[in-house]
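Subject: Structure handover

Hello,

I am passing on the structure below, followed by notes on what was found in it. Please keep it open while you read.

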Amino acid sequence: MKQEIQLSSHFTYKRLINFTLPCIGMMIFTSIYSVVDGFFVSNYAGKTAFAAVNLIFPVLIIMVTVGFMLGTGGSAIVAKAFGEGDEERANSNFSLFVYTGLIIGVVIAVLGYIFIRPIAIALKAEGELLENAVLYGRIILVSLPFNILQYLFQPFFVTAEKPKLALWSTVCAGVINIVLDAVLVILLPLEYKLAGAATATAVSQIIGGIIPLVYFGRKNTSILRLGKTNFDGRALMQACINGSSEFMSNIAMNVVGILYNVQLLKYAGENGVAAYGVMMYVSLIFSGAFIGYSIGTAPIFGYNDGARNYTELKNLLKKSLILIGIFSFVMTVLAEVMTVPLSKFFVGYDAELMSLTVSGFRIYSIAFLFMGYAIFASSFFTALNDGVTSAIISFLRTLVFQVGSVLLLPVILGINGIWYSDVVAEFMAVIFSAIFMFTKRKKYHY
């Protein structure tokens with residue numbers, strides 16, 4: 001029988017890739033949810049419905065960020081507890097984080113359902129665009145608590161030394177999404193196609209949240225299990241602080257997405273929002289690969305930090321930086337090569353829209369050269385329970401560099417300035433990430 005890779009293992013390149021590959025696949029497949037919706041909505045419901053999905057989508061992602069926060073921040077605490085040999089505390093904290101995420105998810109879903117129309121109006125949606133955005137948003141909000149759980153459980157699957165189960169859980173939900181999209185969007189009358197796409201995604205998110213809930217709630221072969229817990233305000237606060245960078249990063253990233261859409265409506269109308277939607281989908285998949293790698297390595301860093309195994313910490317960091325550099329180069333080349341086919345895949349039915357998408361995509365894809373390092377750096381400090389540094393990196397990357405770029409560059413360069421915004425922001429984020437990595441090396445012994 002092949003021996004399972006454990007957090008305490010020594011990681012070669014092969015072992016590191018094998019351990020993180022399920023997490024990478026998991027995040028890519030999670031991103032495919034929205035890509036599948038986008039394809040079917042764009043090609044079967046039209047560009048107004050497609051623009052509506054892209055307009056409201058960042059708002060929906062903001063609402064699930066609590067799952068990212070409790071998952072990444074909480075898994076660092078749990079991994080460190082295991083490294084210190086305290087399994088009882090690790091499982092108690094794990095249960096606390098899951099129950100908290102579920103309760104918060106229900107509250108956010110109810111509030112979101114009530115206020116989704118005023119939010120869409122604030123985003124400058126009107127007429128058919130407004131009605132489509134509200135319809136799609138309200139259907140997705142029904143499944144929001146389960147979507148929060150899905151994101152929350154992903155890092156814990158890795159901490160439980162079961163990354164492959166996370167992948168299969170996500171694949172199962174994703175396949176259901178694809179099948180339901182194909183059936184509902186293609187077969188339903190035009191006026192129901194958008195609702196069909198939203199229903200397909202909602203069902204897949206419910207399944208994606210229930211599968212890990214059932215697995216960890218029953219007797220299993222992992223080191224983690226849901227059960228009784230005691231309210232530990234300090235651990236919950238620490239999880240929030242640790243995960244604040246991911247929380248802030250995801251909120252800020254989607255606030256930037258909203259800002260992009262507002263700017264694009266101003267400079268290019270619905271076509272601009274639809275074109276950005278195509279780029280956002282590819283960016284979700286590529287950034288998902290970097291996030292997946294970061295999620296996969298974070299518990300290993302956390303464990304070795306708790307065990308004071310600084311030799312392995314240095315080994316992991318060096319190999320990670322090299323791998324991310326290779327991934328970044330390959331992704332950038334792939335994005336440039338696939339610009340025309342991907343644009344045609346989503347918006348090939350409209351020549352003007354396709355031309356705008358291709359020209360913007362050529363510029364936007366350069367950002368993939370830098371994106372991975374900033375994502376990894378933020379996750380790395382979260383894993384070391386340094387949530388403050390992680391949050392600063394995320395804050396600079398999104399709310400400072402991206403917001404500043406998307407507001408300033410279009411004034412100088414017009415619509416091309418919007419496409420260049422991400423490139424400039426990611427480059428600046430890498431510079432500051434490198435500064436933090438260098439100045440903190442003695443404190444954390446890497």
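Helices here (H or I, at least four residues) and strands (E, at least two) are DSSP runs, numbered from the N terminus.

Before the rest, some conventions. This is a predicted model, in which local features need pLDDT of at least 70 and side-chain atom pairs count only at pLDDT 80 or more, while totals for chains, interfaces and linings use all residues. Residues are numbered from 1 along each chain as its sequence is written, and side-chain values use heavy atoms, with hydrogens and water left out.

The chain as a whole

The chain has 17 helices and zero strands. For 446 residues, a compact globule would have a radius of gyration near 22 Å, and the chain agrees with this at 21 Å. That radius is taken over C-alpha atoms, and the globule rule is 2.2 Å times the number of residues to the power 0.38. Along its principal axes, the C-alpha trace spans about 60 × 45 × 40 Å.

Of the 446 residues, 59% are buried; buried means under 20% relative accessible area, exposed over 50%, and partly exposed in between (1.4 Å probe, protein chains only). The chain exposes about 17,500 Å², of which carbon and sulfur atoms supply 69%. These areas come from the Shrake-Rupley method with a 1.4 Å probe, and for residues only the protein chains shown count as cover. Among contacts (heavy atoms within 4.5 Å) between residues at least 6 apart in sequence, 82% join residues at least 24 apart.

A kink of about 35 degrees lies at F57, shortly before the proline P58. The bend at a residue is the angle between axes fitted to the seven residues ending there and the seven starting there.

Helix α3 (residues 65-83) has 19 residues and reaches 27 Å from its first C-alpha to its last, close to the 27 Å expected. Because 17 of those 19 residues are buried, α3 is largely enclosed by the rest of the structure. Just after α3, G85 takes a positive phi of about 85 degrees.

The 16 residues of α14 should span 22 Å, and its end C-alpha atoms are 23 Å apart, which agrees. This helix is mostly covered, with 14 of its 16 residues buried. N385 follows α14 and has a positive phi, near 60 degrees.

T100 is found in helix α4 (residues 87-122). With a relative accessibility of 16%, T100 counts as buried. Leaving aside neighbours within four places in sequence, T100 is in contact with L70 and L236.

V106 and L144 are 38 residues apart in sequence and 7.6 Å apart in space, C-alpha to C-alpha.

Aromatic rings

The structure holds 30 aromatic pairs. Rings of Phe, Tyr and Trp (its six-membered ring) pair if their centres lie within 6.5 Å; planes under 30 degrees apart count as stacked, over 60 as edge-to-face and the rest as tilted. The rings of Y293 and F376 have centres 6.4 Å apart and planes at 45 degrees, so this pair is tilted. Because Y293 lies in helix α10 (residues 244-306) and F376 in helix α14 (residues 368-383), the pair ties together parts that are 83 residues apart in sequence. Both Y293 and F376 are buried. One aromatic cluster is formed by Y293, F301, F327, F376, F380, F381, Y444 and Y446.

Most residues other than glycine have a negative phi. K124, which is not a glycine, has a positive phi of about 75 degrees. K124 lies in the loop between α4 and α5 (127-142) and counts as exposed at 56% relative accessibility. H445 is not a glycine either, and its phi is positive at about 60 degrees. H445 sits in the segment after α17 (441-444) and is partly exposed, with a relative accessible area of 38%.

Regards

Note on methods. The expected span of a helix is 1.5 Å times one less than its number of residues.
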